[in-house]
Amino acid sequence: MQGHSQSASASSAYPSTSGNTSHRRSRARKANDSITFSQQSSPSVRNSFWFCSDFMVGAGMVVLQPATGKVLLLYEPRNDRWLLPKGRKDVDESLEQTALREAYEEVRCVFSIHAENPTESACMCWFISRSSALPRPGATVWEQSGYRVEFLPLYLPTNAPLSPAGRVHGMRKCTEPFYASTLTWGNRNKQRPNDEVWPGDRGGEYITFWYIGQIPRDAVHEADTGMADEKEYQSHLLELDDACEKLRGCEMLQFSRMVKSAHELWLHTKEFEEKEAQADAAEQESMSLGA
């Protein structure tokens, strides 16, 4: 895991590039106060306590392809909806492991290779399980190619503090969650170890932590990564505007905003690093001229 980055000021829509990690002690708010923290967030929720049978914890990921600037979305034909990779955390698994596993299980790629120009092959993604067959369209040659998603370190306005050792180096990119979401589920039958149903099940809260991941231009093949109940999932690399439009079309406005936020954070980091590189080059040139 990369080192943590610093918090941005409350007035900043996106992270500042200051290395200041100090925080003033905030005034405690009343339990039922509801405020909007920033334009990127929905209003706050009530202070709550939930027993383990009444909540689930999971992780999801917005997957970018830095080489093209595209976003990866999943499509479920059965319900005609667009999704992001996410899932529940397994026992003894970290949230980071969950995010990578879910992206790996649900994201598979098929490359459309055109013989006349292989380097400019069109690329689409298709979720493939052991029981599903590859499409064979016309003159196009299809090659199965699955890949593992990696975290994309970025400058984030996270509230996670730098470690004492990390503070020596100042500002750092990190792979902390950049969003958290909650979803209430209804009644269901949860089984005891002896197959009896837990009494009084009235649903619960599903808390998901969202990360930003990346995939390379090329894919490394790994077979049989999918879950059987997700064999119909397709995944597509889309331009940002197209991805956001598809999510909005499924009434997933907040997820559309989250995807756009991830893309902007990547562009912010890219722009900052380019400016830093230019400044370093100018300094080196100045030093060589003065020598």
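Colleague: Why is Arg81 called partly exposed?

Modeller: In this predicted model, the relative accessibility of Arg81 is 34%. Buried requires under 20% and exposed over 50%, so Arg81, at 34%, counts as partly exposed.

Colleague: What makes Glu76 count as buried?

Modeller: Its relative accessibility is 7%. The limit for buried is under 20%, so Glu76 falls into that class.

Colleague: What makes the contact of Arg81 and Glu76 a salt bridge?

Modeller: Their side chains meet with N to O at 2.5 Å. The rule asks for a Lys or Arg side-chain nitrogen within 4 Å of a carboxyl oxygen of Asp or Glu, so the pair at 2.5 Å qualifies. In general, side chains of opposite charge can pair when their charged atoms come close. The structure holds 7 salt bridges.

Colleague: Where does Glu76 stand relative to Arg81?

Modeller: Glu76 stands opposite Arg81, which is in β3. Strands β2 and β3 run antiparallel and are joined by 3 bridges.

Colleague: What makes β2 mostly covered?

Modeller: Of the 7 residues of β2 (residues 70–76), 6 are buried.

Colleague: Why does His236 count as buried?

Modeller: His236 has 18% relative accessibility. Buried is under 20%, so His236 is in that class. Its side chain also has a polar contact of 3.3 Å with the side chain of Gln234.

Colleague: How many aromatic pairs does the rule give?

Modeller: The count comes to 5. One of them is Tyr75 with Trp82, a tilted pair with centres 4.8 Å apart and 40° between the planes. Both of these residues are buried.

Colleague: Why is the pair of Phe178 and Tyr179 called edge-to-face?

Modeller: Their ring centres are 5.1 Å apart and their planes stand at 90°. Centres must lie within 6.5 Å, and planes over 60 degrees apart count as edge-to-face, so Phe178 and Tyr179 get that name. Phe178 is buried at a relative accessible area of 15%, and Tyr179 is buried at 17%.

Colleague: What makes Glu93 and Arg101 a salt bridge?

Modeller: The closest N and O atoms of Glu93 and Arg101 are 2.8 Å apart, and the limit is 4 Å. Both residues are buried.

Colleague: Which parts of the chain does the salt bridge of Glu273 and Lys173 link?

Modeller: The side chains of Glu273 and Lys173 meet at 2.7 Å, N to O. Glu273 is in helix α4 (residues 253–290) and Lys173 in the loop between α2 and β9, 100 residues apart. Glu273 is partly exposed at 33% relative accessibility, and Lys173 is partly exposed at 27%.

Colleague: Which residues do salt bridges with shared partners join into one network?

Modeller: Asp90, Glu93, Arg101 and Glu102.

Methods
Residues numbered from 1 in each chain as written. Predicted model: local features only at pLDDT ≥ 70, side-chain atom pairs only at ≥ 80, totals over all residues. Heavy atoms only, no water. Buried < 20%, exposed > 50% of the residue type's maximum accessible area, 1.4 Å probe, protein only. Helix = DSSP H or I, 4+ residues; strand = E, 2+ residues; numbered from the N terminus. Pairing = 2+ DSSP bridges. Phe/Tyr/Trp six-rings, centres within 6.5 Å; stacked < 30°, edge-to-face > 60°. Polar contact = N/O pair within 3.5 Å; in protein donor to acceptor, adjacent residues only side chain to side chain.
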